[in-house]
Amino acid sequence: MIREITALFTADQRGGWIIDGTLGGGGHAAELLDQTSSNVRYLGIDRDPNAIHAASNRLAPFGDRIKIVHGRFGEMRAIAEEHCDGPIKGILVDLGVSSAQLDQAERGFSFRADGPLDMDMSARGEERALIVLRTIGIPELTRALSEYGDVPRPGTVARILCEAVGDNKINGTADLAELIAHEFPWLRKGNKHPATRVFQALRMVVNDEPGELTDVLKAISEILSPGGTAAMIAYHSFEDRAVKQCFRELKRDKRFELLTKKPMLPMEDEIEKNPRARSAKLRVLRRRGIES
């Protein structure tokens with residue numbers, strides 16, 4: 001949703017920092033740096049070393065206007081306190097997995113091609129998803145499938161997955177996807193593969209995405225400067241509910257105002273270019289007041 005994000009953050013041309021908690025390849029950063037004045041600086045955070053490398057190359061022409069930090073967006077408050085020497089006028093977090101991560105079979109995020117069961121955004125190469133499946137209990141996996149993947153009959157799914165892992169029937173993404181398609185064909189939703197929601201829930205556990213989201217939502221209320229704007233893009237109902245609830249609670253203390261009563265959705269032409277954007281929901285919050 002690059003057009004909507006650009007419009008939000010370029011409407012205010014005051015100097016200060018924009019913090020991007022999910023820098024990725026630097027697409028949002030390049031556009032915003034290009035469209036804002038030289039007194040606007042950009043702090044990009046990402047836990048994925050591959051993204052850090054790609055963004056560093058792409059954003060090098062912007063010189064000292066860009067600062068890139070290898071870290072988690074849940075650490076935003078501490079990172080901002082260390083690196084930002086002026087007002088924070090914008091915060092952007094684009095939740096979920098990136099296209100680059102999905103397209104690399106060796107990262108294990110996708111069931112489209114066989115790869116190791118990793119799903120670790122920090123790219124430590126330790127097959128973290130397989131470790132989780134081998135060590136997680138059935139009750140905990142049931143809860144994760146239900147809350148993070150909206151998986152129906154999550155207890156049944158969790159039990160069979162844990163049994164299959166214990167019997168060494170799952171070693172890679174193809175094994176997991178095939179087992180899900182065979183055992184749980186009723187998980188298919190529309191034209192989505194039956195494994196879609198299971199992979200999503202497992203990825204969120206591996207990377208503690210709910211915990212990271214809780215931490216960054218708290219940081220927004222603590223570090224956003226008066227007049228500043230916070231934008232969150234969510235792709236899953238669990239994430240969107242958390243953002244919605246937090247923004248509504250912040251609105252009650254009168255220091256903040258909601259700029260989106262309902263989430264902004266991507267335009268049809270963007271969905272045509274990038275089908276993965278179809279489920280994106282953008283919510284925007286502004287802190288009242290302007291610093292002198």
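The model is predicted. A search of the whole structure finds two cavities of 30 Å³ or more. Helix 12 supplies the largest share of the lining of the largest cavity, and helix 12 also supplies the largest share of the lining of the second largest pocket.

**Helix 7**

- Helix 7 covers residues 138-149, which makes 12 residues.
- Six positions of the helix can be noted as buried: Leu 141, Thr 142, Ala 144, Leu 145, Tyr 148 and Gly 149.
- An α-helix has 3.6 residues a turn, so residues three or four places apart point the same way.
- The cover over the buried residues of helix 7 includes helix 6 (128-135), helix 8 (154-166) and helix 10 (196-206).
- Helix 11 (209-223) and helix 12 (237-252) also belong to that cover.
- After helix 7 comes Asp 150, which has a positive phi, near 50 degrees.

- Rolling a probe the size of a water molecule over the atoms shows where empty space is left.
- The largest cavity has a volume of about 50 Å³.
- Its lining consists of Lys 244, Phe 247, Arg 248, Leu 258, Thr 260, Lys 261 and Arg 283.
- Three residues of this lining come from helix 12.
- Sorted by class, the lining of the largest cavity has four charged, two nonpolar and one polar residues.
- The second largest cavity holds about 30 Å³ of space.
- Around the second largest cavity stand Leu 187, Lys 189, Lys 192, His 193, Pro 194, Thr 196 and Arg 197.

- About 160 Å³ of space lies in the second largest pocket.
- The residues that line this pocket are Pro 210, Leu 213, Thr 214, Leu 217, Phe 238, Ala 242, Gln 245, Cys 246 and Glu 249.
- Helix 11 and helix 12 each contribute at least two residues to the lining of the pocket, and five come from helix 12.
- By class, the pocket lining has six nonpolar, two polar and one charged residues.

**Asp 48**

- Asp 48 is located in the loop between strand 2 (40-46) and helix 3 (49-59).
- Asp 48 counts as buried because its relative accessibility is 2%, and buried means under 20%.
- The side chain of Asp 48 reaches the backbone nitrogen of Asn 50 at 2.9 Å.
- A polar contact of 2.9 Å also joins the side chain of Asp 48 to the side chain of Gln 101.
- Leaving aside residues up to four places away in sequence, Asp 48 touches His 70, Gln 101, Arg 107, Met 121 and Ala 123.

**Arg 287**

- Arg 287 belongs to strand 7, which covers residues 281-287.
- The side chain of Arg 287 reaches the backbone oxygen of Leu 224 at 2.8 Å.
- Apart from residues up to four places away in sequence, Arg 287 touches Leu 224, Ser 225, Pro 226, Gly 227, Gly 228, Arg 255 and Phe 256.

Definitions and conventions
Residues numbered from 1 in each chain as written. Predicted model: local features only at pLDDT ≥ 70, side-chain atom pairs only at ≥ 80, totals over all residues. Heavy atoms only, no water. Helix = DSSP H or I, 4+ residues; strand = E, 2+ residues; numbered from the N terminus. Expected span 1.5 Å × (residues − 1). Buried < 20%, exposed > 50% of the residue type's maximum accessible area, 1.4 Å probe, protein only. Contact = heavy atoms within 4.5 Å. 1 Å grid on protein atoms, 1.4 Å probe; cavity = no way out; pocket = protein on both sides within 12 Å on 5 of 7 lines; lining within 4 Å. Points joined across faces, edges and corners; volume = space filled by probe spheres on them. Nonpolar A, V, L, I, M, F, W, Y, C, P; charged D, E, K, R; others polar. Polar contact = N/O pair within 3.5 Å; in protein donor to acceptor, adjacent residues only side chain to side chain.
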